[in-house]
Amino acid sequence: MPKSSTRPALPCQTDVLISGAGPTGLTLAVSLRQLGVDHVLLDRHDAVRPGSKAAAVQPRTLEYLDRIGVGAGLAEAGRKGRGFCLHDGERALLRASYDGLDTPYPYILLASQQTTEEHLVRRLEVLGGTVYGDHRLLGFTPDFPGVTATVAGPDGVLRAVTARYLVGCDGLHSTVRTAAGVAFPGEAPEQLFALADVRLKAGPEAAAHEDTTFFLSEAGLLLLSPLAQGLHRLVAPVPAGSAAPRAEDVEELLARRGPADGWARAEEVVAASTYRTQERVAERFRSGPVFLAGDAAHTHSPAGGQGMNTGIQDAGNLAWKLHAVLTGAAPDGLLDSYHTERWPVAARLISLTGQFARAATLSDPSSGRLRNALLAAAAATPGVTDRLARSLAQLDIGYSNEPDLGTPRPGTRVPPLDVPPDGLRWTLAVPGSGATQHSDPGKRLGPLTVRHIPEPATTLLVRPDGYLAAAGVPADPYDTAARIGQYLPQPQ
Ligand SMILES: Cc1cc2nc3c(=O)[nH]c(=O)nc-3n(C[C@H](O)[C@H](O)[C@H](O)COP(=O)(O)OP(=O)(O)OC[C@H]3O[C@@H](n4cnc5c(N)ncnc54)[C@H](O)[C@@H]3O)c2cc1C
């Protein structure tokens with residue numbers, strides 16, 4: 001699918017220049033378009049690239065995509081996984097089920113990254129936006145108060161684009177990050193992984209396995225996850241120098257490291273590759289008028305299906321703040337809170353996925369047996385699997401530093417089942433009788449959508465990205481709207 005079917009001439013001036021139209025850049029562009037913010041989105045490629053890459057879309061991501069008109073359609077296009085399972089080949093050690101999560105999307109959506117990107121491109125076009133495909137950002141120079149970027153177009157001609165803000169959504173090898181001089185510290189572990197998208201031999205057992213399962217046997221790690229279109233993804237650490245797995249390699253991996261009862265047998269390998277991971281977080285997510293988001297800002301092991309999800313939520317955090325600043329509703333300092341809020345999320349994620357990857361790839365059998373015994377014991381501890389499911393679903397991400405005393409804390413997620421969203425508008429949830437259905441449009445007053453809902457003991461003000469701005473605010477929407485500046489996150 002072309003990144004855009006129409007291609008007007010590249011503007012030479014814009015409020016926000018977004019380099020990179022992967023899932024992060026596309027989400028940012030759709031959000032800005034919906035908010036009416038002038039922007040230009042460019043990508044060095046002309047079309048969405050084929051391939052499944054990020055195949056797991058987490059509930060928190062779907063909640064944000066719902067706000068920008070993509071969640072429901074994408075959910076229809078994918079397969080709904082039930083949860084994550086850690087298994088020793090013979091028995092489940094620990095199972096984190098998504099079934100009871102407090103979200104309209106209580107499942108892992110298994111859809112190829114291509115499908116996710118195509119849905120975002122379509123939504124962008126419906127909103128009248130476009131991707132300037134075949135345009136490569138070469139660098140930029142400061143041009144107070146913003147930047148002037150140099151872009152090579154499809155005709156090879158270099159063009160200058162002046163922008164108030166530049167957002168690097170240009171992936172792991174980000175040109176924006178390099179040109180901004182932002183360090184990208186971390187590690188590149190030596191371990192090589194084989195990846196294969198396979199069609200399994202049909203059978204009732206294969207159909208019954210809806211979990212993304214990590215098999216942790218003495219023969220080594222094997223990840224097996226359902227994908228859309230009746231496929232399964234297989235990932236396994238392999239010796240350095242290994243080639244992309246062929247059908248016989250996949251059969252052997254399944255036989256040696258997969259389920260002991262042999263239900264998983266490959267019929268066809270649809271795609272295969274090898275990859276290495278890196279574990280890095282950019283030192284800063286903001287440098288003056290320049291921001292980094294998605295893989296340009298952080299990268300880690302894809303096991304656990306978190307990377308694309310984190311990028312999409314970076315975009316959700318940044319979009320409404322850019323809108324608030326560019327419309328004069330907030331000072332430029334609000335944008336510092338993008339780093340303050342999102343950097344710790346990325347750093348924690350990289351630390352957790354790194355620890356998990358190391359534990360899952362232990363080569364010493366006795367350490368592996370001890371790990372499995374500890375996992376089984378953890379699974380039997382009340383609350384552990386629920387907490388794990390919430391964490392993998394990214395529903396526990398929040399920006400509050402205050403201890404949880406059971407009262408609403410600014411910076412925590414407000415479940416959309418409690419306070420239904422209204423696109424990217426602020427929501428004022430006033431205690432009273434009323435509906436909590438998504439279909440209830442609420443009452444729009446200035447920047448706020450007002451909802452009367454039965455649950456909260458106090459009036460809640462919810463940010464456009466679904467986090468609590470403040471509790472106990474005036475129930476009079478005009479009063480709250482006039483004070484909104486007081487409720488914005490403060491950079492620390
Ligand atoms: C095998 C594999 C499996 C994965 N599985 C999962 C998963 O299940 N769940 C998950 O959440 N994540 C997963 N990930 C990670 C996920 O693919 C990435 O996190 C995601 O692609 C990041 O999106 P992005 O938009 O930030 O960057 P990218 O997808 O890398 O997009 C960057 C874009 O920038 C463009 N670009 C680069 N340089 C320039 C330039 N100079 N000028 C203009 N354009 C430029 C590129 O063409 C590209 O379109 C997986 C990754 C791999 C490799």
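This is a predicted model: local features need pLDDT of at least 70, side-chain atom pairs count only at pLDDT 80 or more; totals for chains, interfaces and linings use all residues.

Student: What is the phi of Gln229?

Tutor: The phi of Gln229 is positive, about 55 degrees, although the residue is not a glycine.

Student: And is Gln229 buried or exposed?

Tutor: Gln229 is exposed, because its relative accessible area is 69%, and exposed means over 50%.

Student: Which loop holds Gln394?

Tutor: Gln394 lies in the loop between H11 and strand E21 (426–431).

Student: Buried or exposed, in the case of Gln394?

Tutor: Gln394 counts as buried, at 2% relative accessibility.

Student: Let us stay with H11, then. Which of its residues are buried?

Tutor: In helix H11 (residues 384–392), the buried residues are Val384, Thr385, Ala389 and Leu392. They cover an arc of only 130 degrees around the axis, so they sit on the same side of H11. The face turned away from that buried side carries the exposed residues Asp386 and Arg387.

Student: What do the buried residues of H11 pack against?

Tutor: They pack against strand E5 (83–87), strand E6 (92–97) and helix H10 (365–379).

Student: Which residues does Leu86 contact, leaving aside its neighbours within four places in sequence?

Tutor: Leu86, which is found in strand E5, is then in contact with Ala92, Leu93, Leu94, Phe214, Leu216, Phe356 and Leu375. Leu86 counts as buried, at 9% relative accessibility.

Student: How far apart are Leu86 and Gly129 in space?

Tutor: They are 43 Å apart, C-alpha to C-alpha, and 43 residues apart in sequence.

Student: On to the helix pairs. How does one describe two packed helices?

Tutor: One gives the angle between their axes and the distance between the axes.

Student: At what angle do H1 and H4 pack?

Tutor: Helix H1 (residues 23–35) and helix H4 (residues 113–126) pack at about 20 degrees, and their axes are 9 Å apart. H1 is therefore roughly parallel to H4. H1 passes H4 in a left-handed crossing.

Student: Which residues meet there?

Tutor: From H1, Pro23, Leu26, Thr27, Ala29, Val30, Arg33 and Gln34 meet Gln113, Glu117, Leu120, Val121, Arg123 and Leu124 of H4. By class, this contact of H1 with H4 has seven nonpolar, three polar and three charged residues.

Student: How do H1 and H8 pack?

Tutor: H1 and H8 pack at an angle of about 30 degrees, with 8 Å between their axes. The two helices are therefore roughly parallel to each other, and their crossing is right-handed.

Student: Which residues form that contact?

Tutor: On the H1 side they are Pro23, Thr24, Thr27, Leu28, Ser31, Leu32 and Leu35, and on the H8 side Met308, Gly311, Ile312, Ala315, Ala319, Trp320, Leu322 and His323. The contact of H1 with H8 has 10 nonpolar, five polar and no charged residues.

Student: What about H2 and H8: at what angle do they pack?

Tutor: H2 and helix H8 (residues 307–326) pack at about 40 degrees, with their axes 9 Å apart. At that angle H2 is oblique to H8, and H2 passes H8 in a left-handed crossing.

Student: Which residues of H2 and H8 meet?

Tutor: Arg60, Thr61, Tyr64 and Leu65 in H2 meet Asn309, Ile312, Gln313, Gly316 and Ala319 in H8. They divide into four nonpolar, four polar and one charged.

Student: How many residues of H2 are buried?

Tutor: Eight of the nine residues of helix H2 (residues 59–67) are buried, so the helix is largely enclosed by the rest of the structure. The buried residues are Pro59, Arg60, Thr61, Leu62, Glu63, Tyr64, Leu65 and Arg67. H2 is followed by Gly69, which has a positive phi near 80 degrees.

Note on methods: Residues are numbered from 1 along each chain as its sequence is written. Side-chain values use heavy atoms; hydrogens and water are left out. Axes are lines fitted to C-alpha atoms, for helices over the stretch in contact, and angles run from 0 to 180 degrees between N-to-C directions. Helices (H or I, at least four residues) and strands (E, at least two) are DSSP runs, numbered from the N terminus. Angles under 35 degrees count as roughly parallel, over 145 as roughly antiparallel, 65 to 115 as roughly perpendicular and the rest as oblique. A crossing is left-handed if the near helix is turned anticlockwise from the far one by less than a right angle, and right-handed if clockwise. Contact means heavy atoms within 4.5 Å. Ala, Val, Leu, Ile, Met, Phe, Trp, Tyr, Cys and Pro count as nonpolar, Asp, Glu, Lys and Arg as charged, and the others, Gly among them, as polar. Buried means under 20% relative accessible area, exposed over 50%, partly exposed in between (1.4 Å probe, protein chains only). The arc is that of the directions from the helix axis to the C-beta atoms.
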